[in-house]
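Student: I am new to this structure. Could you please show it and then take me through its ligand sites and some of its strands?

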Amino acid sequence: MATPVIELRDVSTVYEGERVPAIREINLSIELGEFVAIIGPNGAGKTTLLETINGLLPYTRGQVLVLGQDVARFGPQLRSQIGYVPQEFQFDETTPVLVRDVVLMGRYGQIGLLRRPSTEDRTRVQEALELLGLAELAERPIGKLSGGQQQKVLLARALAKEPKILLLDEPFSHLDFAARDEVAELIARWHRERGLTTLIVLHDLEAIPSHCHRVVLLDGGRIRQDGARERVVQAFTLAYGK
Amino acid sequence: MYGLPWSLIVTLVGGAALTGAACGLLGTFVVRLRLSSLGFTMSHAAFAGAALGLALGIEPLTLALIASVLTAAVLGPVAERAKLPADVITGVLFPLTMALGLIFLYLAPGTAMSSSALGLLWGSLLAMTHTDFLWLMGLTGAIVLTIGLFFKEFQALLFDRKLAEESGIPTRPFYYLILFLTGATIALALRLVGGLLVFVLLQSPAATAFQFLYDLKKIFFWAALLGVSYAGVGIALSFAFDLPIGSAIVLVSTVGFGLAVWRSPKRRR
Ligand SMILES: Nc1ncnc2c1ncn2[C@@H]1O[C@H](COP(=O)(O)OP(=O)(O)OP(=O)(O)O)[C@@H](O)[C@H]1O
Ligand SMILES: [Mg+2]
């Protein structure tokens with residue numbers, strides 16, 4: 001077996017100033033090209049898990065290896081290769097950035113210090129904007145977009161990064177039904193065509209895409225189930241109703 | 001300005017312009033990163049430091065610089081984690097720094113009401129020396145260079161710190177670089193504008209630019225230009241009506257900001 005792309009060993013994460021870990025003793029191993037859904041009730045620790053994986057939150061115990069390297073040591077370098085669409089975002093009206101630049105900024109970490117974005121960077125940005133139907137909004141200030149449009153911009157940003165790993169936290173939460181289908185299709189295609197390792201947090205079991213075979217159930221900061229989709233979904237429905 | 005030698009006029013006007021430009025550029029960060037209360041506290045710490053310098057007979061600007069940078073180093077982590085509400089920092093530390101500053105002034109040899117002592121409070125054009133001018137030139141150059149070299153990183157930081165981290169930029173060094181430069185700018189601006197009011201130049205030009213623009217490059221440019229204009233018009237007013245220079249600059253800044261809010265497309269519904 002190849003080495004996993006993401007590996008968590010006995011990981012706990014405690015928020016600063018808190019005593020109780022938000023996720024605890026997590027053991028999780030994800031192979032190259034896997035597509036995994038993460039489900040669980042509010043406060044289960046889903047967001048915490050994603051941000052522990054990309055190192056935005058420092059873990060308190062155990063070890064997190066991404067692409068074979070420890071996130072605690074190589075955080076920025078690893079994050080430049082991980083696309084992340086956060087659950088919460090808010091850009092007020094005066095935010096001094098245009099949509100195109102928000103998407104371009106996703107690549108800044110890869111571009112590196114003391115270098116300017118190249119033509120290729122800009123081409124990737126334009127492609128991502130077009131994929132999400134945002135080309136017309138490209139020169140608008142991000143703060144003047146609707147919540148759903150902003151969520152699409154963040155998706156475009158994550159894709160324009162051409163990441164090795166994609167972390168999506170409730171990426172449909174602000175989207176209407178038509179947009180949901182389109183975005184789900186887009187995510188599926190990227191997974192299929194590029195073998196992109198993808199983790200997606202969802203609260204709506206119906207939204208788990210058909211090509212997703214592995215589901216992880218979190219509750220109370222612990223992994224309760226991890227395995228074949230049908231089995232985990234069944235366990236979840238039994239425990240929490242539908 | 002009649003009767004003043006040309007070299008002095010160049011120093012004064014040039015120094016004021018550089019102060020305005022440096023404050024406008026850094027003000028862009030202060031406004032957007034919500035560092036107002038930190039900057040406010042730093043400026044009064046700088047005043048206290050300068051007053052201590054007067055009392056001890058040490059170059060006031062040196063101590064002002066140490067005091068404001070030290071404040072940045074201590075309060076930076078507090079502000080960064082938003083653990084203490086900003087108004088608490090200001091509410092506690094503002095009186096403290098003012099009290100210290102006034103005690104030092106009181107202890108300063110000679111009369112406490114000497115012009116150099118009062119200059120620390122509300123600024124003084126004539127206190128600007130050729131050396132100050134050179135320092136201001138170096139500092140403004142360093143600020144422009146820093147912003148130019150790391151424009152990408154600062155743009156990401158000013159957009160959203162978490163997303164900047166997400167893209168792989170380590171934001172902390174850049175955040176502290178800004179705090180450090182702000183501390184230095186405050187200390188150098190103290191001579192011209194005075195400890196009570198120096199903060200206005202860090203706030204007003206940038207806040208005005210943010211009312212109109214969404215493109216960060218333009219915001220930097222206009223904040224610097226407005227800083228220069230506010231300082232320039234302030235000097236003219238100060239000479240024309242014999243007003244304290246700091247107060248004159250504040251009056252001009254307030255009028256400018258007021259006009260901006262009134263005309264701002266961002267506030268129009
Ligand atoms: N910034 C924070 N500081 C302290 N505790 C936090 C913070 N954010 C989350 N928590 C706690 O950590 C736990 C897990 O939160 P998390 O946001 O990971 O849940 P989640 O599964 O994403 O929930 P949701 O479905 O509501 O998004 C919760 O008990 C929450 O109270
Ligand atoms: Mg969440």
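**Ligand 1 and its surroundings**

Tutor: In chain A, a polar side-chain atom of A:Tyr15 lies 3.5 Å from a nitrogen atom of ligand 1; a polar contact is a pair of N or O atoms within 3.5 Å. This is a predicted model, in which local features need pLDDT of at least 70 and side-chain atom pairs count only at pLDDT 80 or more, while totals for chains, interfaces and linings use all residues. Residues are numbered from 1 along each chain as its sequence is written, chains are lettered from A and ligands numbered from 1 in the order in which they are written, and side-chain values use heavy atoms, with hydrogens and water left out.

Student: How far is the polar side-chain atom of A:Thr48 from an oxygen atom of ligand 1?

Tutor: The distance is 2.5 Å. For A:Gln87, a side-chain N or O atom is 2.9 Å from an oxygen atom of ligand 1. The protein covers 61% of the 630 Å² of accessible area that ligand 1 has on its own (Shrake-Rupley method, 1.4 Å probe).

Student: What classes of residue make up the shell around ligand 1?

Tutor: The shell has four nonpolar, six polar and two charged residues. Ala, Val, Leu, Ile, Met, Phe, Trp, Tyr, Cys and Pro count as nonpolar, Asp, Glu, Lys and Arg as charged, and the others, Gly among them, as polar.

Student: Turning to the magnesium ion, which protein donors does it have?

Tutor: They are A:Thr47 (OG1) and A:Gln87 (OE1), lying 1.9 to 2.1 Å from the ion. Donors are N, O and S atoms within 2.8 Å of the metal (3.2 Å for Na, K and Ca); water is not among the atoms, so sites may look incomplete. The pair links distant parts of the chain, 40 residues apart: A:Thr47 is in helix H1 (residues 46–53) of chain A, and A:Gln87 is in the loop between strand E6 (82–85) and helix H3 (99–105) of chain A. Helices (H or I, at least four residues) and strands (E, at least two) are DSSP runs, numbered from the N terminus.

Student: And strand E9 of chain A: why is it largely enclosed?

Tutor: Five of the six residues of E9 (residues 214–219) are buried, so the rest of the structure largely encloses this strand. Buried means under 20% relative accessible area, exposed over 50%, and partly exposed in between (1.4 Å probe, protein chains only).

Student: How do E9(A) and strand E10 of chain A pair?

Tutor: They pair in the antiparallel sense over six bridges, where pairing requires at least two DSSP bridges. In E10(A), A:Asp226 is the bridge partner of A:Val216.

Notes
A polar contact is a pair of N or O atoms within 3.5 Å; within protein, one must be able to donate a hydrogen and the other to accept it, and residues adjacent in sequence count only if both atoms are side-chain atoms.
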